[in-house]
Amino acid sequence: MRRHGRSPESETDAHDHRPLLRPGATGPEAARLAAAGRMTPDAAMSLQNSAGNAAFVAVQRSPQGDNGAGPAEEKPMDGLSRLRRANERAKKRGQAAPTYGPGQSPFGPYTVNKGRGAGPYITSNKKTQHPGSEDLGTTYTELVQALDAEHEPMVAAAVRGEALDEELLAGMSATQKRAAAMLYGVMKESEERRFPGAGKPMRSALTKQGDPYHEAEEFDEDFPMAKVGGARYYEDVLAGKKQLSEKARKNLEDMSSSSSDGEKSS
């Protein structure tokens with residue numbers, strides 16, 4: 001079997017031990033957090049009101065001034081705030097118009113087709129692109145389950161433009177390379193156009209698949225855009241129409257905090 005059940009040890013290790021904001025925090029309490037260098041008053045109160053006891057807060061400090069002195073820039077690191085920042089950064093970067101036709105990845109070719117919505121539709125074939133591969137669908141479930149646990153983090157790394165493990169790459173079957181190529185194409189060509197910034201949580205969800213105790217079926221819980229009808233999930237969350245699920249929130253909090261964690265330009 002490709003996956004295994006989650007062990008008690010992995011369940012314990014999965015818990016985050018960062019401090020929680022207490023429910024019912026008042027304005028003065030938020031001010032005390034700010035005075036302690038934890039958060040600004042507005043950020044503390046906003047986070048408490050929106051997420052309550054489930055909101056984890058970390059502080060990123062960027063000293064200002066040439067000598068490194070001065071107030072620090074503080075950013076709430078809860079899932080909703082991180083999603084909003086990823087979306088805003090992606091919108092500022094902008095995107096070129098999609099190029100339809102053949103696409104190429106480190107795992108082999110794929111095809112970019114015009115989709116019905118904002119994002120292109122990614123396909124592949126076994127006749128000319130991946131000879132020797134088995135029949136393969138286009139859903140996330142089929143693509144993720146076609147890969148072994150160590151393969152999905154490679155797809156995320158490839159989109160970031162990182163060097164891949166050549167031994168792992170050479171050991172992939174024709175079907176696995178085909179599935180990886182399509183996931184690469186979906187991340188680069190499609191999801192970012194459906195929701196700017198979606199690539200980052202998708203890379204985080206793929207990286208989680210590298211844990212053999214993280215089931216393949218958990219991918220669409222970590223990255224809800226993978227679900228049928230999930231294309232507008234993050235958009236609805238930012239609009240206040242939906243709330244982040246626990247797994248989706250955790251995946252957003254676990255994704256890279258670096259603004260440089262973007263897709264390699266084509």
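**Figure 1. Helix α9 in the predicted model.** Helix α9 is mostly covered, with nine of its 10 residues buried. The model shown here and in the other views is predicted. The buried residues of α9 are G199, K200, P201, M202, R203, S204, A205, L206 and K208. M202 is also among the residues with the most contacts inside the largest nonpolar core.

**Figure 2. Helix α12 and the helices around it.** Helix α12 covers residues 246–254, and its buried residues are A248, R249, N251, L252 and E253. These buried residues pack against four helices: α4 (79–93), α9 (199–208), α10 (219–222) and α11 (233–238).

**Figure 3. The open sheet of three strands.** The strands follow the order β1-β2-β3, and their pairing is antiparallel. β1 (101–105) and β3 (121–123) are the edge strands; each has a single partner strand, so one side of each lacks a neighbour in the sheet. From one strand to the next, the twist averages 35°. Helix α8 (residues 174–194) packs on this sheet and touches β1, β2 and β3. The direction of α8 makes about 45° with that of β2.

**Figure 4. Strand pairing within the sheet.** β1 and β2 run antiparallel and are joined by five bridges. A hairpin leads from β1 to β2 through two residues. In this pairing, Q104 stands opposite P109 of β2. Strand β2 (residues 108–113) is joined to β3 by three bridges, and these two strands also run antiparallel. V112 stands opposite I122 in β3, and N113 has Y121 of β3 as its bridge partner.

**Figure 5. The largest nonpolar core.** This core has 45 residues, and those with the most contacts inside it are F107, L183, M202, F219 and F223. The elements giving two or more residues to the core are α4, β2, α5, α6 (152–159), α8, α9, α11 and α12. The most comes from α8, which gives eight residues. In soluble globular proteins, nonpolar side chains tend to be buried together.

**Figure 6. Contacts of F107.** Not counting residues up to four places away in sequence, F107 touches H130, M154, V155, A158, L164, L169, M172, K177, A180, A181 and Y184. F107 is one of the residues with the most contacts inside the largest nonpolar core.

**Figure 7. Surroundings of L143.** L143 lies in helix α5, which covers residues 140–145. The relative accessibility of L143 is 1%, so L143 counts as buried. Apart from neighbours within four places in sequence, L143 is in contact with L136, G137, T138, A179, M182 and L183. The C-alpha atom of L143 is separated by 8.4 Å from that of Q176, which is 33 residues away along the chain.

Figure 8. The structure holds seven aromatic pairs. Y110 and Y184 form a pair that counts as tilted, because the ring centres are 6.3 Å apart and the planes are at 55°. This pair links distant parts of the chain, with Y110 in strand β2 and Y184 in helix α8, 74 residues apart. Y110 and Y184 are both buried. Another tilted pair is formed by F219 and F223, with 6.0 Å from centre to centre and 55° between the planes. F219 and F223 are both buried as well. F219 and F223 also belong to one aromatic cluster, together with Y140, F195, Y233 and Y234.

**Figure 9. Confidence along the predicted chain.** The protein chain averages a pLDDT of 78, and 68% of the residues score at least 70. Among the elements of the chain, β2 has the highest mean pLDDT (97), whereas helix α1 (residues 8–14) has the lowest (36). The pLDDT is below 50 over residues 1–39, a stretch with 78 contacts in the model beyond near neighbours in sequence. Residues 47–73 also have a pLDDT under 50, and the model has 59 contacts for them beyond four places in sequence.

How values were computed:
Residues numbered from 1 in each chain as written. Predicted model: local features only at pLDDT ≥ 70, side-chain atom pairs only at ≥ 80, totals over all residues. Heavy atoms only, no water. Pairing = 2+ DSSP bridges. Axes fitted to C-alpha atoms, helices over the stretch in contact; angles between N-to-C directions. Contact = heavy atoms within 4.5 Å. Buried < 20%, exposed > 50% of the residue type's maximum accessible area, 1.4 Å probe, protein only. Core = buried A, V, L, I, M, F, W, Y, C linked by side-chain atoms within 4.5 Å. pLDDT = per-residue confidence, 0-100. Phe/Tyr/Trp six-rings, centres within 6.5 Å; stacked < 30°, edge-to-face > 60°.
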